[in-house]
Amino acid sequence: MVSISDIRLFLKKNLTKQRYTHTIKVSKLAVKLAKHHKLKNIIKIEIAALLHDCQKRSNDKNNHSFLAEKLARTKFKIKDKKILYAIRHHTFGHRHMDNFSKIIYIADISEPSRKFPEAREIRRIAFKELDMAMVLALSTKIKYVLNERKPVSAESIILYNKLLKKSLTAEAQSARRKSKHVVLCVSAGKIK
Ligand SMILES: [Fe+2]
Ligand SMILES: [Fe+2]
């Protein structure tokens, strides 16, 4: 597999200073999150984060994730499916995202130099619950796109709905467990 230092060298030569700084911040946050959530293959997370914007040009906003995936395959000979999937879907998200690709999406939208107010909150929640951080990240992006009168990605909405449903189900289950516990405590005479 390609070395991290080769990728960094390529990025330094080919990206603008601002894009390079963003990329390094995304990779640092992604690695921190991956370690925190005990993911294996931290090196793969770092490679995906470093390459996520490797083809971004100022006149291209949406297509760059697909172009970056292509460059990762052709120039850096990356074959790893998780790395390629995370790069491809870091802009719009995708309904089948796993923790690996969620971390790349979250690190991209919330690295410390992001200026919008939700970035800090997304980062904070991401160290507790990746899905909830994704819900906030997706809703922030969708709201921004709507405000700009730009087309909304269907995949972003499908993923948002899926994660929201999952978190509401989890909340309902925990509320049900708590109420069961209260009933048991009352019947055992612990709560008066
Ligand atoms: Fe990007
Ligand atoms: Fe980015």
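Which residues in H6 meet which residues in H8?

**Figure 1. Contact of helices H6 and H8 in the predicted model.** On the side of H6, the contact is formed by Asn 99, Lys 102, Ile 103, Tyr 105, Ile 106, Ile 109 and Ser 110. Their partners in H8 are Leu 130, Ala 133, Met 134, Ala 137 and Lys 141. By type, the residues of this contact comprise 8 nonpolar, 2 polar and 2 charged. Two packed helices are described by the angle between their axes and the distance between the axes. The axes of H6 and H8 cross at roughly 50° and come within 10 Å; the two helices are therefore oblique to each other. Their crossing is left-handed.

**Figure 2. Contact of helices H7 and H8.** Helix H7 spans residues 118–126, and helix H8 spans residues 130–147. Their axes come within 7 Å and cross at roughly 160°, which means that H7 is roughly antiparallel to H8. The crossing of H7 past H8 is left-handed. H7 contributes Glu 118, Glu 121, Ile 122, Ile 125 and Ala 126 to the contact, while H8 contributes Leu 130, Met 132, Ala 133, Leu 136, Ala 137 and Thr 140. These residues of the H7 and H8 contact divide into 8 nonpolar, 1 polar and 2 charged.

**Figure 3. The largest nonpolar core.** This core has 38 residues. Those with the most contacts inside the core are Ala 30, Ala 48, Leu 51, Ile 103, Ile 106, Ala 107 and Met 134. At least two residues of the core are supplied by each of the helices H2, H3, H4, H5, H6, H7, H8 and H9. H6 gives the largest share, 7 residues. Leaving aside residues up to four places away in sequence, Ile 103 touches Ala 30, Leu 33, Ala 34, Ile 45 and Leu 130.

**Figure 4. Buried residues of helix H5 and their cover.** Helix H5 runs over residues 81–88. Within H5, the residues Ile 83, Ala 86, Ile 87 and Arg 88 are buried. Helix H3 (42–51), helix H4 (64–74) and helix H6 (99–110) are included in what covers these buried residues.

Figure 5. Lys 162 and Tyr 144 are 18 residues apart along the chain, and their C-alpha atoms are separated by 20 Å. Lys 166 and Asp 131 are 35 residues apart in sequence, with a C-alpha to C-alpha separation of 8.7 Å in space.

**Figure 6. The setting of the close-up views within the whole protein.** The protein has 9 helices and 0 strands. Its C-alpha atoms fill a box of roughly 70 × 40 × 30 Å, taken along the principal axes. Of the 192 residues, 31% count as buried. Among contacts with a separation of 6 or more, 54% are accounted for by residues 24 or more positions apart.

Conventions
Residues numbered from 1 in each chain as written. Chains lettered and ligands numbered in written order. Predicted model: local features only at pLDDT ≥ 70, side-chain atom pairs only at ≥ 80, totals over all residues. Helix = DSSP H or I, 4+ residues; strand = E, 2+ residues; numbered from the N terminus. Buried ≥ 20, exposed ≤ 12 C-beta atoms within 10 Å, placed from the backbone. Contact = placed C-beta atoms within 7 Å. Axes fitted to C-alpha atoms, helices over the stretch in contact; angles between N-to-C directions. Parallel < 35°, antiparallel > 145°, perpendicular 65-115°, else oblique. Left-handed = near helix turned anticlockwise from the far one by under 90°. Nonpolar A, V, L, I, M, F, W, Y, C, P; charged D, E, K, R; others polar. Core = buried A, V, L, I, M, F, W, Y, C linked by C-beta atoms within 7 Å.
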